[in-house]
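Dear colleague,

Please find the structure below, handed over for your own work. My notes on what was found in it follow.

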Amino acid sequence: MLSDIRIVLVNTSHTGNIGSAARAMKTMGLSSLYLVDPISAPDGKSIALAAGAGDVLANATTVSTLEEAVSDCGLVVGTSARSRTLPWPMLTPRECGHKLVVEADTYPVALVFGRENNGLSNDELQQCHFHVCIPANPDYSSLNIAAAVQTLCYEIRVNHLDIEALQHAPAVKSEYPLNEDLARFYVHLENTLKDVNFIVANHPGMVMTKLRRLFTRARPEVQELNILRGMLASIDKASGNKK
């Protein structure tokens, strides 16, 4: 699933940022890196800052335009740090991670990052289905590319792990008691509480109503209700009131 999620860097000017982005990707399990018209090709500085993610750099695909990088993608999300003249559908980082992971099961998807100094152009942003903005400190919202890549790749990984866990989780079917079983339990509970003088028969107050609300909220399963009935039976026996 993660292999079909590509990170696209557009017109990157600093080769070190390419290496740092590759490192951020690999720590989160992503490996598909596309470079759109980089100012300089990855070099020794890129490899140094990749810090063990040299394989991501070595397998990076370099193209001339964003259109080439995303032509076969069914979903493209562009990162944007500011509002544009033409409003575009927005995603939160969490929504972005979820949507990319879910749709990567059907076709390649792309997460696009712009230039260090001014991000993506309006034309490039309009090639994206959605925009995502990291809600950074409004008084200092400057994120370098590697930090932005790391943040959004983390959201991708969290959603991937959540979906993977659900797919491998054993099916657990809860069995709940019928209403008639619950009714018998409430009668038993009320009688036992009266027998031990927890409820005064002539002045019962709201005790049973509140207890019903408590058990309704908890919604005990069949086995749990059997335990509760067993507890009441033990109390009845100990108090000499066999039911």
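Two strands are taken to pair if DSSP finds at least two bridges between them. Helices (H or I, at least four residues) and strands (E, at least two) are DSSP runs, numbered from the N terminus. This is a predicted model, in which local features need pLDDT of at least 70, side-chain atom pairs count only at pLDDT 80 or more, and totals for chains, interfaces and linings use all residues. Residues are numbered from 1 along each chain as its sequence is written, and side-chain values use heavy atoms, with hydrogens and water left out.

The sheet is open and consists of 7 strands in the order E3-E2-E1-E6-E4-E7-E5, with parallel pairing. Strand E3 (61–63) and strand E5 (90–91) are its edges, each pairing on one side only. Within the sheet, strand E4 (residues 75–79) runs parallel to strand E6 (residues 109–113), and 4 bridges join them. Gly78 has Val112 in E6 as its bridge partner.

Helix H1 (residues 15–27) lies across strand E1 (5–10) and strand E2 (32–36), running at about 155° to E2. Here contact means heavy atoms within 4.5 Å; axes are lines fitted to C-alpha atoms, for helices over the stretch in contact, and angles run from 0 to 180 degrees between N-to-C directions.

Ala51, in the loop between helix H2 (44–50) and helix H3 (54–58), has a phi near 50°, a positive value in a residue other than glycine. Ala51 counts as partly exposed because its relative accessibility is 47%, where buried means under 20% relative accessible area, exposed over 50%, and partly exposed in between (1.4 Å probe, protein chains only). Arg219 sits in the loop between helix H9 (207–218) and helix H10 (222–238); the phi of Arg219, a residue other than glycine, is positive, near 45°.

Yours sincerely
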